[in-house]
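Good morning, colleagues. Please turn to the entry on the screen; I shall begin with the interface and then move to the domains and the salt bridges.

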Amino acid sequence: MQDLTAFFRQFSFCSIALRLVLAMAVGGVLGLGRTRRGRSAGFRTYMLISVGAAMCAMISLYLYQMLKGPWAETAARVGEKFDASRMAAQAMTSIGFLGAGIIVKEAHQQVNGVTTATGLFAAVCMGVAAGVGFYEVVLLAVLVVGLVLNLLSPLEGAFKRHLRNITLYVEFDSTESISVITELLNEQHVHIYDIDIEQTEQKASKSPSAIFVLQMSRENHSHSGILSSLAELSCVRSVQELIS
Amino acid sequence: MLSIFDGLRGVDFLSVFVRIVIACVCGAAVGLDRSAKNRPAGFRTHMLVCLGSTVASLTGVYLYLEANLPSDVSRISSQVISGLGFIGAGTIVVTKKRTVKGLTTAAGLWTTGIVGLAIGSGYYELGLLGAAMVLITESLLSLLNSKIHHHPEYTVELSYREKTYLDDVLRLCKNHRMAITNLRIHTMDSVGQDLPKYTAEVEMRGNTDSKVLLELIQEMPGVVSAAIQ
């Protein structure tokens with residue numbers, strides 16, 4: 001067993017093949033649940049990214065080997081100014097840019113795609129670890145990151161649906177309606193943290209709207225209940241929950 | 001490292017020629033698959049990216065090994081990686097439905113660039129293995145991709161007369177193990193007694209087939225109409 005680990009820690013053809021396959025498998029594990037949820041970054045994207053990151057790390061290792069071996073004479077003459085971590089470090093920056101491209105700004109102060117972007121970042125980090133042959137951390141981290149990415153999302157969804165805090169986007173007839181809405185909310189013992197009025201002028205097509213940040217009462221905090229009772233008001237045109 | 005490439009690790013005319021040829025072949029092989037699927041970045045783009053990175057990393061090695069300048073062999077290569085990130089970000093498109101397209105292409109282009117870096121540094125084994133893996137992921141595994149059972153979100157649009165009907169519909173969805181992820185209620189300007197007063201868009205996710213659920217919702221009393229967006 002010890003011989004085997006020592007063998008794969010060496011920098012040989014077999015070990016680089018193993019590291020690439022490991023990086024690919026790690027990407028697949030991280031991405032599989034994302035594909036099932038119909039997200040834009042599926043397991044193929046994750047695989048490509050972590051294989052690329054592993055390659056970055058291995059090119060550095062290769063260059064270092066060359067500097068120690070065949071290029072040693074030049075290194076002695078010119079001086080060695082080599083940093084074995086530089087290429088892997090740039091891989092992280094690079095995926096940061098890709099991630100920024102994935103994050104989409106939506107209407108009403110919401111963003112989408114942050115989890116996808118961070119998942120790709122995690123794939124790069126684990127690809128780099130696989131590339132340098134740090135197998136222990138890869139195997140441990142794939143368990144934890146896979147768990148967070150794939151299994152915790154239903155849990156987070158359920159948690160959010162039972163939160164007392166809720167953010168609502170409401171469209172109404174005129175700015176006077178805000179007082180009617182706040183009155184109703186006070187009646188239901190809802191605590192209003194913030195009202196952000198988006199549009200006060202009445203254009204032909206769009207009604208004035210506002211974003212309400214609320215905390216519901218401890219006894220009654222059904223999300224659909226508060227939406228229904230707001231929709232019942234005659235001055236309210238539409239109401240929607242904003243989920244981050 | 002394999003010994004067959006040992007004569008080609010330095011920077012001489014033959015090894016430069018071999019590296020450029022291999023980079024062209026790898027870039028074209030990955031890109032042809034993309035072209036065949038009619039994706040925005042085809043085989044010319046992939047060849048250019050692969051060749052460019054090869055030349056960049058070759059230059060890095062040349063500066064040190066032949067020009068004997070005190071430099072870091074990997075600096076040029078490493079900056080290529082972050083440059084590729086920008087190109088990748090540019091190929092990502094946000095569609096009108098606020099979803100993201102072109103992500104696999106962006107990731108493939110990024111990895112193809114790194115294949116080019118490996119070849120240019122003289123690490124032929126890694127470059128060829130990497131190109132093979134990109135090809136496997138992009139072509140063979142895309143067949144697998146369509147076989148995976150998706151549970152995407154869907155939105156049910158319904159119109160109803162009284163507030164309580166929506167609660168019934170939501171309860172029905174919950175009983176069918178659907179998780180409500182978002183809810184939107186619009187009030188209609190209708191006056192007649194028989195016309196629906198509200199429309200609601202219910203976003204949900206779960207294991208129940210959308211068509212089965214839709215039929216159940218349509219049969220509910222008080223629901224005037226229901227459809228899946």
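What area is buried between chain B and chain A, and what percentage of it do carbon and sulfur atoms give? The area is about 6,700 Å², and carbon and sulfur atoms give 67% of it. Buried area here is the accessible area, with a 1.4 Å probe, that two parts lose on being put together, summed over both. B:Met1, B:Trp110 and B:Met133 supply 9% of what chain B buries against chain A, more than any other three residues.

Two remarks on the source are in order. This is a predicted model, in which local features need pLDDT of at least 70 and side-chain atom pairs count only at pLDDT 80 or more, while totals for chains, interfaces and linings use all residues. Residues are numbered from 1 along each chain as its sequence is written, chains are lettered from A and ligands numbered from 1 in the order in which they are written, and side-chain values use heavy atoms, with hydrogens and water left out.

In terms of contact (heavy atoms within 4.5 Å), 78 residues of chain B meet 72 residues of chain A.

The count of salt bridges between the two chains is one. A salt bridge is a side-chain nitrogen of Lys or Arg within 4 Å of a carboxyl oxygen of Asp or Glu. The partners are B:Asp72 and A:Arg86, with their closest N and O atoms 2.4 Å apart.

Strands also join the chains. Strand E6 of chain A, residues 236-241, pairs with E4(B) in the antiparallel sense over three bridges; strands are DSSP runs of at least two residues, numbered from the N terminus, and pairing requires at least two DSSP bridges. Within this pairing, A:Val239 stands opposite B:Ile185.

I turn to the domains, whose bounds come from an automatic or database assignment. Chain A has domain 1 at 2-159 and domain 2 at 165-241, with C-alpha centres 45 Å apart. Chain B has domain 1 at 3-147 and domain 2 at 154-228, and 50 Å separate their C-alpha centres.

Helices are DSSP runs (H or I) of at least four residues.
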